[in-house]
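My notes follow in the order I took them.

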Amino acid sequence: MLNAQRYSITKHLPEFTQLEALIDRLHQYPFATPFSYKVIANIPSPLHFSDYTAKHFPLYAIHLGTRSPTAPLMLFVGGVHGLERIGSQVLLSYLHAITERLVWDRSLQHTLQHIHLVFIPLVNPVGMAKCYRSNGNHIDLMRNAPVECSEKAALLVGGHRLSPHIPWYRGQEGQPMEIEAAAVASYVIAQTQHRPVTLSLDCHSGFGVKDRLWFPYAHSAIRPFPYIGDIYHLRDKFLSTYPNHNYVFEPQALHYLCHGDLWDHISEQCLIQQQSILPLTLEMGSWRWIKKNPLQLRQSLGIFNPMRPQRVQRVLQKHIVLMDFLINATANYDAWFKHKDNHHYQQQAIMRWYS
Ligand SMILES: [Zn+2]
């Protein structure tokens with residue numbers, strides 16, 4: 001049944017307006033750096049918008065940097081869970097900074113001659129407009145991929161098929177993936193082809209007090225991700241370069257196991273095709289924001305997002321160092337990826353996370 005509530009894009013989905021304005025701006029600037037965008041899916045919108053007449057939301061992927069298909073790729077993804085809008089906001093703010101820097105910053109222009117960037121900052125626009133974790137069909141896009149956890153998946157949180165009215169619903173068995181998840185998976189898998197390495201950062205919020213960087217697997221605590229040596233080395237480079245940042249790097253399975261994780265699925269498909277993707281998920285620790293302002297618990301968005309303007313501003317600034325680092329790590333992947341000392345890093349990783 002159609003929702004009788006009237007929505008306004010400006011009020012309910014400002015991130016979408018901001019994204020389209022950034023695309024417009026990228027079009028206007030006379031960049032030396034190649035820019036393009038693609039609509040990788042059209043998400044049917046069941047909502048009545050007073051200021052947006054289209055019946056679909058375009059799912060945008062923004063491309064910057066060299067068009068060489070053999071260049072390394074850094075991919076930024078956000079807005080998978082509609083309630084965690086700070087993830088999209090962090091990426092839009094960063095994309096704004098990149099756009100402005102490309103006008104004057106020759107070192108960034110130079111870096112982008114050697115790597116390719118893709119931004120998919122708003123994966124779930126209907127869920128975000130409606131303030132759902134899930135998409136518009138009440139399906140959790142991070143539990144919807146065809147990946148089964150054969151160990152002990154967390155009750156409910158780990159994905160279930162009981163009812164779309166309970167969060168973390170995977171969808172019905174045997175159904176194809178939801179349009180948003182399927183589009184991201186097939187697009188990302190296609191983009192990794194022929195590249196020496198793809199790094200990705202998917203921005204979420206809502207778990208604990210610390211900012212965590214999770215990597216696969218989410219469906220197994222006993223099977224290490226084949227690239228843990230490289231991830232450990234990347235972590236080592238980050239922590240030695242930025243000792244004052246305190247991200248916790250760890251496999252997601254250390255906290256809970258789940259079915260249907262989109263990055264597990266993408267990683268497995270890339271491995272089958274002998275493509276290398278190292279997916280990181282940034283879980284911003286939202287409990288810290290709640291501790292500082294417990295009243296925000298009265299709103300569902302308050303559980304997952306900073307609410308006070310100065311705190312939002314701080315969060316938007318905080319992850320720039322990480323994202324700059326990931327771009328530089330992608331450009332200089334030979335300094336850590338498939339490194340001659342990889343075996344050493346792999347042993348360290350096993351000892352730290354799997355012993
Ligand atoms: Zn999330």
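This is a predicted model: local features need pLDDT of at least 70, side-chain atom pairs count only at pLDDT 80 or more; totals for chains, interfaces and linings use all residues.

**Pocket, metal site, one glycine**

I began with the largest pocket, which has a volume of about 400 Å³.

Which residues lie nearest the centre of the largest pocket? I found R133, R143, W214, Y256 and E283, out of 28 lining residues. I sorted the lining by type: 15 nonpolar, six polar and seven charged. Then I checked the secondary structure. Strands β7 (198-205), β8 (212-215) and β10 (277-284) and helix α8 (262-272) each supply at least two residues of that lining.

Next I went to the zinc ion. Its protein donors are H81 (ND1), E84 (OE), E84 (OE) and H204 (ND1), at 2.0 to 2.6 Å. Along the chain the donors follow the spacing H-x2-E-x119-H. I noted the site as irregular, with angles of 54 to 150° among the four donor atoms.

Are these histidines buried or exposed? H81 counts as buried because its relative accessibility is 4%. H204 is also buried, at 2%.

Last, I looked up G127. I found G127 in helix α5 (residues 125-130). Its relative accessibility is 0%, so G127 counts as buried. Leaving out residues up to four places away in sequence, G127 touches G82, Y132, S134, N135 and G136.

How values were computed:
Residues are numbered from 1 along each chain as its sequence is written. Side-chain values use heavy atoms; hydrogens and water are left out. Helices (H or I, at least four residues) and strands (E, at least two) are DSSP runs, numbered from the N terminus. Buried means under 20% relative accessible area, exposed over 50%, partly exposed in between (1.4 Å probe, protein chains only). Contact means heavy atoms within 4.5 Å. On a 1 Å grid over the protein atoms alone, a cavity is a set of points where a 1.4 Å probe fits but cannot get out, and a pocket is an open set with protein on both sides within 12 Å along at least five of seven lines; lining residues have an atom within 4 Å of a point. Grid points are joined across faces, edges and corners, and a volume is the space filled by probe spheres set on the points. Ala, Val, Leu, Ile, Met, Phe, Trp, Tyr, Cys and Pro count as nonpolar, Asp, Glu, Lys and Arg as charged, and the others, Gly among them, as polar. Donors are N, O and S atoms within 2.8 Å of the metal (3.2 Å for Na, K and Ca); water is not among the atoms, so sites may look incomplete. Four donors count as tetrahedral if all angles lie between 85 and 135 degrees; four count as square planar and six as octahedral if opposite donors are over 155 degrees apart and all others between 65 and 115; anything else is irregular.
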